[in-house]
Amino acid sequence: MMRMSNANLIEQLRELSAVKRRMLQNFDEKNEIKEAQQEELNESIETYLEKKENFKEKKAEALSELVPSVNPLATDKLPSCDVKEVKPVSAIFGLVFYATFILFVLSTFGISFPMWMAFIIVPGLLVSGVMWLLKNGEISKYFEWEQQRNDWHKKYASVTVSREEMARQYANFEKKFAKTAMEFKEFEAVENSKLEMKREAISAPYKERIEELNALLEADYAEIQRIGLVHDDYLHLLDKIIEYLETGRADDLKEALNLAIEESQKMENEAARREEAYRQEQILREQARQNMLHNQEMERMEQKRAEDARVHAAQMEAHARAQAEETKKLRRELERQGRS
Amino acid sequence: MGFIMSPLKLLQVISTSAEINRKLDGKGLKWYLSKEGGESHAKAKTLPQKVEYFYGLLRSFNSDVGIADAKFLQSMAYVIAATVDGTSKPYGVWPAIVDPEQNPLVGFAKEHRSADISTVMKMSKEHDIDYMELTYDVEQLTVARALAALRGSDDYEMFMYTTPGAYENLTSEEEDPELFLIERCIIFTLGDSGYYDSDNGVGPYNFGLSEDDENE
């Protein structure tokens, strides 16, 4: 860097600062225009999306009526049985139970049986009764399942499926789907171009100004590069650099730049430190609040314990008095009985 | 019924207990591949009989299935009965049709386990996704996997989303009418939750109406 008189340097830096300010202003203006355009366009975009959705929904609803229905054989649950095995001995218990029951009833009506049968009937009735009670479930479940299964088969006995008819329905649906998708694509293309036209209509009045601003921004940037002196990364420190040179805090540009960077760093550190301190304070506040709540809760529990202890003591005393009274009564009764 | 039962039924149980237990017992693959299994297949003439036959086969791979799996297995049994059985496909006739090594749909049903309702509800809660939407997604995954299995491939993703109207990854009717039918039957039978979403365009299969829908 060539050394130049500070006065010249300051003048050049001021010029650089002015170009930078101008550039920022142009940039802000450009952004504002773009934002305004976007806002104006947003409503059109919303309408566009809504139209698309409505179109799709309408078409899809019509299409869904063509969706081939599912055969109930696929969906109506086939009955299943919880029982995996039926033992014939369970049925035998059942038969023995019924037989001994009938004999028992007959015997109560006065019909007599040989002695050996009489010894079998009652125990037989009891044992088979209990076993039948325990085992009848599996047989019942089997027959229930059989019934349900037969009903299922009866219900769908006449249901057949024609593969040709199925293929026809599927092919028909797919053709319609392809047509609908094509219609949607065409609709989308039309709406897209409408939106594009709207976008152009909105941006047209500003086109010239945007181009002007772009040209100015380019020129400003070229000017900044021409003047040089300070790297793009430190342009934001220009005002500080100028101040240090003017006030004599720095003797040359390099010193002023280093000082500005240092000060900037200090400020950032300070801001970070303050933020951290605030965060710590919040943590401590919260801890104190939690402690307070905890202490309050402890106090409350202590009070409750004391209260419970008092109630318990009172109950014990009342119980003891009642016991003593009862004992007195008993003694008086015993004495009275003893005298009589 | 219960404690009080006709003695005739009890006699029936005693005299036909072997047959009854054969009906109740989950017959294994060996039985389905045996002569008896073949005769049973031949005897199943009507569609309900065929559905029951294939359902029994698929259940035999796992006798302890939840509600979602039972529904899935019955749907698969229907697909096999309605569109595979008796076709000219190598696995369209017995014994190939019951063999999981030869019939890709049986092989798929043997391995596949559906997410049951409680799992879907739990996932819905954990990931904050609408329950019906998740059910739909689970269905689409099942359909896609079944279609891939039919091709003998693991690449189910090519059946997950497809460009609108193209059905390009499926078989056309001109190419192979039998495979065309099997594929569509899988789609419309397994994916029938009834969930309808205009973004997806149309239920039950996830063919979006626009390319935007592909990524939804």
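The model is predicted: local features need pLDDT of at least 70, side-chain atom pairs count only at pLDDT 80 or more, and totals for chains, interfaces and linings use all residues. Residues are numbered from 1 along each chain as its sequence is written, and side-chain values use heavy atoms, leaving out hydrogens and water.

H10(B) is mostly covered, with 12 of its 14 residues buried; buried means under 20% relative accessible area with a 1.4 Å probe, protein chains only. Among these buried residues are B:Phe180, B:Glu183, B:Arg184 and B:Cys185. B:Cys185 has 0% relative accessibility, while A:Cys81 is buried at 11%. Over all chains there are 0 disulfides, a disulfide being a pair of cysteine sulfur atoms within 2.5 Å.

The contact between the chains (heavy atoms within 4.5 Å) takes 62 residues from chain A and 60 residues from chain B. In chain A, the residues that lose the most area to chain B are A:Phe143, A:Arg163 and A:Phe177, together 13% of what that side buries.

Chain A and chain B share 2 salt bridges, each a side-chain nitrogen of Lys or Arg within 4 Å of a carboxyl oxygen of Asp or Glu. The side chains of B:Glu52 and A:Arg149 meet in a salt bridge at 2.5 Å, N to O.

Methods: Chains are lettered from A and ligands numbered from 1 in the order in which they are written. Buried means under 20% relative accessible area, exposed over 50%, partly exposed in between (1.4 Å probe, protein chains only). Helices (H or I, at least four residues) and strands (E, at least two) are DSSP runs, numbered from the N terminus. Buried area is the accessible area (1.4 Å probe) that two parts lose on being put together, summed over both.
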